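Welcome! Here is a short tour for anyone opening this structure for the first time. Keep the 3D view at hand as you read.

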Amino acid sequence: MHSANSSDTTVTPAAGAPLRVLLVGDASNCHNALAVGLRKLGHEVVVASDGTRWMNTPRDIDLSRRFRGKTGGLELWLRLMWQRKAMTGFDVVSVASQDFIQLRPVRQLALFDFLRRNNRHIFYTALATDSNYVDYALSHSCQLRYTEFLFGGKPTPYMLHQGDLAREWLSEPLKSASNHILDSVDGAVSVLYEYHRALLHKLPESKVAYGGIPIDVDALQPVDRPAKLGKIRFLLGRHRNRVLEKGGEILEAAARSVAGRFHDRCELMVVENLPYNEYLDRLRSAHVLLDQLYSHTPATNALTAMAFGLAVVSGAEPEYYDFIGESSNRPIINGMPDYETLTDTLTHLVTHPEEIILRGRMGRDFVRRHNADTTVAHRFASFWQSKLQV
């Protein structure tokens, strides 16, 4: 297992010569943020993605699907054929999980095989749900204490009401595509503890490394807060189609209950599917981010809020902290999918606002230590270079 425990965010070149890197696909701005960190280290990077759809994050080659249905797929494929020469000749290509472009599995695999043939090495960035993760999460060998599918040995509301999504990941076309990609890559880098465990379910440890989620900490300056907060602002920021998957319905119910009881001391803001820059503006106006309940690891939404100095309710199990080697600074409020427990947790924050300020300071220090874009980029580049030298 590859743990990461570095507080050095100084921009220094990664070991070895600068790399030419192509990052294909994105989710929650992860590959774009990684590109920023890699460029700071002196590497040449091209991002080819759809901008995480509605988030419209930066990319160098646009792979967005502009139309619905078969017309949209055909238009994207033709545009891809026109642009594919710009995706050749790189030292490193890394695809963003298996769903790295909005095309049918057969088309995804055609693009993957083209990239593998026409570039020096190809890797996998485990940064989103894929068939391998779902297979691991539902298997008897799963070492995670819970997932978005199972909690306490029982199906979650997400599994009960949207279980077809999980079963689709395990369908023959998607599972075969996942196996082909993972069997073909030179290595895989995880951004979450859960995804790391799932990769080790499929690949030997020598082909797996932990990178983490990159955050441009310097670009997200902490929001000025008075010594004593006024009305506490909770923000629930979510993807409209992933509410049950993240436990958003429980978070909202608990927060509305607390806001109703303490209407003069706190309020709840709910935002969905905003473009990235607009979402950052809303985030800056909050004091506490309500993120998700089924994760062991804080992801991009939580880490971005922490960089701003917000308190965060998200995933943060001891296994994750131990995995990254963090024993003293554990600032994330570990949310559990239980209405009564969450209500008590949010009530405590409203009645002890000084804790919000403290956790906000600790959270920014945590992100700078473990998730600064250059720190994460150095982990990725060092792993890639180790495989290029084999």
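Predicted model: local features only at pLDDT ≥ 70, side-chain atom pairs only at ≥ 80, totals over all residues.

## A guided look inside

Helix 15 covers residues 373–388. At 1.5 Å a residue, its 16 residues should span 22 Å, and the end C-alpha atoms do lie 22 Å apart, which agrees.

**Rings that meet**

The model holds 12 aromatic pairs. In one of them, the ring centres of Phe123 and Trp384 are 6.2 Å apart and the planes stand at 40°; because an angle under 30 degrees would count as stacked and one over 60 as edge-to-face, this pair is tilted. Phe123 belongs to strand 5 (residues 121–126) and Trp384 to helix 15, so the pair ties together parts that are 261 residues apart in sequence. Phe123 and Trp384 are both buried. Ring pairs also join them with Phe380 and Phe383 in a cluster.

| Arginine | Ring | Distance to ring centre |
|---|---|---|
| Arg20 | Phe90 | 4.4 Å |
| Arg107 | Trp77 | 4.5 Å |

**A helix with two faces**

Next, find helix 13, which runs through residues 339–351: its 13 residues should span 18 Å at 1.5 Å a residue, and the end C-alpha atoms are 18 Å apart, which agrees. Which residues of helix 13 are buried? They are Leu342, Thr343, Leu346, Thr347, Leu349 and Val350. These residues cover an arc of only 160° around the axis, which puts them on the same side of helix 13. An α-helix has 3.6 residues a turn, so residues three or four places apart point the same way. Turned away from the buried side of helix 13 is a face that carries the exposed residues Glu340 and Asp344.

**A pocket to explore**

Finally, look for the second largest pocket, with a volume of about 310 Å³. Its lining is made up of 22 residues, and those nearest the centre are Asn29, Asn32, Asp216, Tyr276 and Leu280. Which helices each supply at least two residues of this lining? Helix 1 (30–40), helix 10 (276–284) and helix 11 (300–307) do. Helix 1 gives the largest share of the lining, with four residues.

Definitions and conventions:
Residues numbered from 1 in each chain as written. Heavy atoms only, no water. Phe/Tyr/Trp six-rings, centres within 6.5 Å; stacked < 30°, edge-to-face > 60°. Buried < 20%, exposed > 50% of the residue type's maximum accessible area, 1.4 Å probe, protein only. Lys NZ or Arg CZ within 6 Å of the ring centre and 35° of its normal. Expected span 1.5 Å × (residues − 1). Arc of directions from axis to C-beta. 1 Å grid on protein atoms, 1.4 Å probe; cavity = no way out; pocket = protein on both sides within 12 Å on 5 of 7 lines; lining within 4 Å. Points joined across faces, edges and corners; volume = space filled by probe spheres on them.
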